[in-house]
Amino acid sequence: MSKLRILYAATEINPFLQTTKVAEFLRMLPQGMQEMGMEIRIFVPRFGIINERKNRLHEVVRLSGINIAVGEDEKPLIIKVASIPNAKLQVYFIDNEDYFHRKSVLVDKNDKFHSDNDERAIFFCKGVLETVKKLGWAPDIVHCNDWMTGLIPMYLKTTYKKDPIFKDAKSVFTIYNNEFDYKFEGDIIEKAKMLDIDDEMLAALKSADFGGFIKVGMEYADSVVKSDEDFSDNLNALFTEYSQKKQIGQVGADENLLTSYYALYNELAS
């Protein structure tokens with residue numbers, strides 16, 4: 001089989017940041033796939049809690065400087081990069097002063113959910129795809145992890161569909177048990193829009209909550225996978241509803257995990 005190119009987008013990765021199971025999964029799976037002969041790129045947000053000096057992050061000037069539209073605002077994109085110790089893997093960090101310099105992840109020191117987490121997610125999703133375009137690296141598979149990456153499969157099927165970098169890319173969306181109750185304010189549909197996207201495509205976002213991002217990801221991804229966790233009744237109901245439209249897989253956290261994903265990626269890319 002040819003050497004597949006896998007792009008991973010996620011909320012976090014060990015050893016730079018760990019608040020959920022996503023960080024462990026992202027540390028293990030890309031390295032496993034690389035050792036099985038695949039070519040890997042990893043993208044995560046540069047949350048302000050990540051220590052740049054300790055983790056040796058440095059800006060990639062040639063990739064920085066794009067402006068990303070979030071609604072009527074345009075925010076400058078800064079790209080930083082660091083290597084994972086003891087692994088031949090580089091991680092690209094999506095950064096912006098307004099969105100990612102506060103010293104917290106999704107909640108502040110009083111455990112209050114950041115009201116602009118929707119904009120941070122939208123900026124991240126758009127920023128990943130624009131950076132990959134600038135890299136000139138065409139992925140076969142784009143593996144999106146957690147709610148914050150939920151818009152990427154839709155952007156791949158619309159705005160970026162005819163782009164030579166993404167024209168053959170297939171997407172995988174893995175859902176984790178990281179649900180939150182917060183309802184976003186403002187016109188989330190306008191913020192998320194890009195070329196070739198109408199309001200109807202973003203209808204699931206009208207709920208302006210966790211479920212909205214998950215629904216969009218499930219609707220547009222070529223393959224949907226549940227993480228190996230216990231999910232709430234609310235999320236399980238969502239899976240049941242969507243399983244009538246497409247199959248939702250579950251890859252167990254066992255010794256077959258790497259071979260299962262290896263097979264899934266090759267099947268999607270063939």
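Biologist: How many bridges join β9 to β10?

Modeller: Four, and the two strands run parallel. DSSP needs at least two bridges between strands to call them paired, so β9 and β10, with four, count as a pair. Strands here are DSSP runs of E, at least two residues, and helices are runs of H or I, at least four, both numbered from the N terminus. The model is predicted: local features need pLDDT of at least 70 and side-chain atom pairs 80 or more, while totals for chains, interfaces and linings use all residues. Residues are numbered from 1 along each chain as its sequence is written, and side-chain values use heavy atoms, with hydrogens and water left out.

Biologist: What makes β10 and β11 a pair?

Modeller: Three bridges join them, and they run parallel. V225 stands opposite G249, and K226 stands opposite Q250 in β11.

Biologist: In what order do the strands of the open sheet come?

Modeller: The order is β3-β6-β7-β2-β1-β8-β9-β10-β11, nine strands with mixed pairing. β3 (58–59) and β11 (248–250) each have a single partner strand, so one side of each has no neighbour in the sheet.

Biologist: How do you know that both faces of β10 are covered?

Modeller: Look at its four residues. S223 and V225 on one side, and V224 and K226 on the other, are all buried. Buried means under 20% relative accessible area; over 50% is exposed, and in between is partly exposed (1.4 Å probe, protein chains only).

Biologist: Which helices lie on this part of the sheet?

Modeller: Helix α8 (residues 233–243) lies across β9, β10 and β11, at about 125 degrees to β11. Helix α9 (residues 257–269) touches β1, β8, β9 and β10, and its direction makes about 145 degrees with that of β9. Angles run from 0 to 180 degrees between N-to-C directions; axes are lines fitted to C-alpha atoms, for helices over the stretch in contact.

Biologist: What makes the crossing of α1 and α9 right-handed or left-handed?

Modeller: For α1 passing α9, the crossing is right-handed. The angle is about 65 degrees, with the axes 10 Å apart. F25, M28, L29, G32 and M33 in α1 meet L257, L258, Y261, Y262 and Y265 in α9. A contact is a pair of heavy atoms within 4.5 Å.

Biologist: Why is F25 called buried?

Modeller: Its relative accessibility is 12%, so F25 counts as buried. Beyond its neighbours within four places in sequence, F25 contacts P30, H143, N145, Y176, L257 and Y261.

Biologist: Why is K75 called buried?

Modeller: K75 has 14% relative accessibility, so the label applies. The residue sits in strand β5 (residues 73–76).

Biologist: What makes K75 and D98 a polar contact?

Modeller: Their side chains come to 2.9 Å. The limit is 3.5 Å for a pair of N or O atoms; within protein, one must be able to donate a hydrogen and the other to accept it, and residues adjacent in sequence count only if both atoms are side-chain atoms.

Biologist: Where is N55, and is it buried or exposed?

Modeller: N55 is in helix α2 (residues 52–55). With a relative accessible area of 14%, it is buried. A polar atom of its side chain lies 2.9 Å from the backbone oxygen of N51. Outside four places in sequence, N55 contacts P15, F16, I50 and A82.

Biologist: How do you know that α7 is mostly covered?

Modeller: Nine of its eleven residues are buried. Among them are F210, F213, I214 and Y220. At the start of α7, a side-chain oxygen of D209 comes within 3.3 Å of the backbone nitrogen of G211.

Biologist: What is called a nonpolar core, and how many residues has the largest?

Modeller: The term covers buried Ala, Val, Leu, Ile, Met, Phe, Trp, Tyr and Cys residues joined through side-chain atoms within 4.5 Å. The largest such core has 100 residues, and Y155 and Y265 have the most contacts inside it. Helix α4 (residues 117–135) gives the largest share, nine residues. Residues touching Y155 include I122, C125, L129, M194 and I197.

Conventions. Left-handed = near helix turned anticlockwise from the far one by under 90°.
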